[in-house]
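Please look over the sequence and the structure below, and then read on.

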Amino acid sequence: MDKLITAILDGDSAMAVSKARQLNASGLSPEKIIIEGVEAAMSALDTKCTLEDFNLLEIMLAGRAVMEVTKLFWPSGAVKDSAKGTVVIAALEGDVHDLGKNILKMVLTGKGYNVVDCGKNCPLQKLADAAAAERPLAVGLSGLITTVIPVVRQVKGALAARGLDNVKVFAGGAALKQSTPGMLNVDFVAESAFDVLRFLSGLGKGIR
Amino acid sequence: MPELTVITGGTERKITFPGGLPLRKILEGAGLLVRSGCTGNGACGLCLVKVEKGNDGNLTKNERLLLSASQINEHIRMACQMAPQGDLSIRIIDEGAKSAWRELPQESGRPITAKSGQGTGTASPGKTFGLAVDLGTTHISFSVWDMAQGKRVFGRAGLNPQSRFGSDIITRLTAASESPEKARIMGRLPLEAINGALADGCAENRMHPADIRHVRFVGNTPMLALLTCSSPAALLRPDQWTRPFDCAAADAPVFAAALGIHQQASVKAVLPFAGFVGSDLLAGVLATGLMSAPGSLLMDFGTNSEIALWDGTTLWVTSAAGGPAFEGYGIRCGMPAGPGAIFRASRRLDGGGVDFHVTGGVRARGICGSGLVDLIASLCVTGELAANGKFTGGITSYPVQEKDPAICLYKPDVDMFQRAKAATGAGVRILLEMAGINAGRLNRVCICGDFGRNLNVANAQRIGLLPDVMPGKVEICGNTALAGCEDVLLSLRKAQELEQIRKRASIVNLSRAPRFEDFFLDGLYLRPIPDGNP
């Protein structure tokens with residue numbers, strides 16, 4: 001298991017997949033491998049990723065290793081039968097940058113959440129439809145340009161219109177993290193993808 | 001009312017203010033500018049002030065994110081984030097952009113004497129002059145030409161005063177979309193700035209602005225849209241980015257009046273190619289003669305780096321948004337090229353420190369884009385910086401100058417640079433892929449714009465900023481946007497050639513390219529661009 005953790009932290013996808021495959025062959029369930037291996041690696045990455053020590057390359061490489069390991073067990077790349085619940089994420093209409101969203105996806109998947117990715121430049125209705133279909137624990141919005149703010153403000157309303165008042169909404173990304181939850185009409189504004197984990201773990205299990 | 005004491009450039013000013021107002025607003029209200037890159041929402045971290053005396057309240061979340069521990073210790077705050085309630089004494093760390101015009105360098109633009117001057121206008125009594133303008137997000141350059149003789153009379157370069165509405169395009173377009181009045185003011189600002197510099201230059205050169213009868217503008221699309229008030233806010237919509245955008249609605253007499261030139265002057269903006277590829281790039285392709293040989297690449301580095309690749313049949317064009325690192329912004333010790341900027345640096349191989357050159361022969365205040373390339377490349381050579389952008393040997397930063405002021409390269413700065421490089425690198429590689437050309441087989445690599453002027457090509461190649469071609473194939477071309485604009489101003493044939501370039505161009509939207517993320521990830525590494533594909 002330690003070798004899997006090291007391989008993920010080194011960003012060595014091939015090694016991570018090979019170690020995960022070995023662990024699985026020796027009788028460990030995919031769930032156990034995710035919880036004890038991948039999640040542990042994510043926690044280690046979290047403590048390393050302070051502002052002073054942030055390195056996008058390192059996070060992207062580790063994220064890729066996580067996604068490859070996930071795909072080994074769930075070919076769709078999402079932890080379908082997640083015990084932790086589902087999170088629907090998107091970069092909303094007007095924003096075609098999705099690097100931040102993809103990092104969030106990797107981090108959440110690595111922590112065992114079932115992540116439903118609505119992509120970039122995503123229309124509000126498409127996001128709300130996905131939320132209605134998935135009944136997620138939360139909806140996450142990543143924004144890199146400030147012009148997306150008016151759309152972000154409408155998300156809660158669009159969810160409420162589908163009877164999803166209790167689905168929490170969080171936002172993050174370069175254009176949104178300066179704002180307060182009140183300004184964006186969301187429940188939480190995250191400084192980083194790891195900040196989202198702390199928010200979600202505070203929510204407990206979602207409606208499934 | 002409480003009183004604010006502002007120390008700036010050795011003088012003190014006292015201002016009374018209502019408590020609870022953000023400091024940046026108080027300063028702006030008193031006509032005092034603070035350097036800034038955003039609208040005052042705490043995003044850019046540039047509006048730094050040092051609190052000398054008084055209660056400045058608590059740090060905000062944004063300040064905790066953007067200020068370093070040593071800055072916090074020195075009572076440095078962000079002016080937009082603090083709202084003083086009582087008497088306070090502060091020092092402004094860096095004043096905002098002043099539109100100080102300087103002489104355009106001789107080597108800027110096309111050769112100062114054109115071989116065959118052939119004015120676009122009909123001959124009229126007395127001399128006819130023309131004005132070519134490259135309207136950039138940060139800089140404005142212009143030159144005045146004797147149309148009949150094809151000779152440059154003078155040229156000037158200065159800062160775009162619009163930057164007080166935001167240093168990047170998105171912030172500025174957002175500001176313009178707030179009200180038509182604001183958009184109109186923003187459109188007028190560059191004209192007023194040019195008017196002043198034009199009047200000075202004309203007086204020095206014993207000519208009259210009213211003799212200027214022809215004006216051509218080139219620029220990126222948002223700048224031209226703001227200039228001509230052609231619904232700039234529409235450019236915020238991604239669906240507009242790859243479409244032609246109409247900036248033709250220039251009201252020539254109004255422009256002529258604003259510039260103080262001949263009332264019936266012909267004033268035209270060279271139409272941009274699309275929402276995110278401006279006429280500055282088309283002008284650059286014209287001026288470099290990029291389409292004379294297949295396998296020619298043009299790169300203009302900036303916050304949005306523009307890239308063009310000619311493969312013999314198609315001119316592939318794109319724009320890569322990599323952030324402002326190449327312009328020295330977003331880097332803790334960074335600054336734009338200019339007096340006090342370290343523009344060249346090399347790590348001493350005997351172990352002791354860094355040798356560097358400073359623009360203007362003054363003491364170093366910071367490091368600009370080309371200096372950053374040198375510093376990062378030489379730290380990679382010594383192994384103090386690994387290819388993944390992390391310092392080795394347990395250090396977290398590298399000091400360049402001990403003090404007055406301390407200049408130090410921090411890890412997040414390297415990270416910012418890696419991102420900017422990765423975005424342009426991904427742009428280049430996607431265009432190469434579209435054209436089916438290997439990086440190593442390029443015949444020409446033309447580096448355009450200010451950033452290229454002091455670029456050390458070998459260092460840039462070492463860290464993968466430029467494709468790894470023979471050094472002789474890399475050309476440092478200077479301000480090709482202005483040179484192309486001058487070509488269009490002076491020669492009907494060149495103006496027609498530019499329209500031919502437009503017909504051959506095909507825009508590539510990087511955000512739709514399936515392999516963007518692969519190339520981006522690969523481009524984050526500080527190592528040469530591989531010849532083939534990852």
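## Burial and overall form

A residue counts as buried here if 20 or more other C-beta atoms lie within 10 Å of its own, with the C-beta atoms placed from the backbone. By that rule, buried residues make up 51% of the 208 residues in chain A, and it should be kept in mind that the model is a predicted one.

The C-alpha trace of chain A spans about 50 × 40 × 30 Å along its principal axes. A compact globule of 208 residues would have a radius of gyration near 17 Å, and because chain A has 17 Å, its value agrees with that expectation.

## Secondary structure and contacts

Chain A contains nine helices and five strands, and along the sequence these elements follow the pattern α-α-α-α-β-α-β-α-β-α-β-α-β-α. Of the contacts in chain A that link residues at least 6 apart in sequence, 73% join residues at least 24 apart.

Chain A is divided into domain 1, covering 1-77, and domain 2, covering 79-208, and the C-alpha centres of the two domains lie 23 Å apart. The contact between them takes 15 residues from domain 1 of chain A and 11 residues from domain 2 of chain A.

On the side of domain 1 of chain A that touches domain 2 of chain A, α3 (30-48) and α4 (56-73) each supply at least two residues. The residues of this side of domain 1 divide into 10 nonpolar, three polar and two charged.

Notes:
Residues numbered from 1 in each chain as written. Chains lettered and ligands numbered in written order. Predicted model: local features only at pLDDT ≥ 70, side-chain atom pairs only at ≥ 80, totals over all residues. Domains from an automatic or database assignment. Contact = placed C-beta atoms within 7 Å. Helix = DSSP H or I, 4+ residues; strand = E, 2+ residues; numbered from the N terminus. Nonpolar A, V, L, I, M, F, W, Y, C, P; charged D, E, K, R; others polar. Rg over C-alpha atoms; globule rule 2.2 N^0.38 Å. Buried ≥ 20, exposed ≤ 12 C-beta atoms within 10 Å, placed from the backbone.
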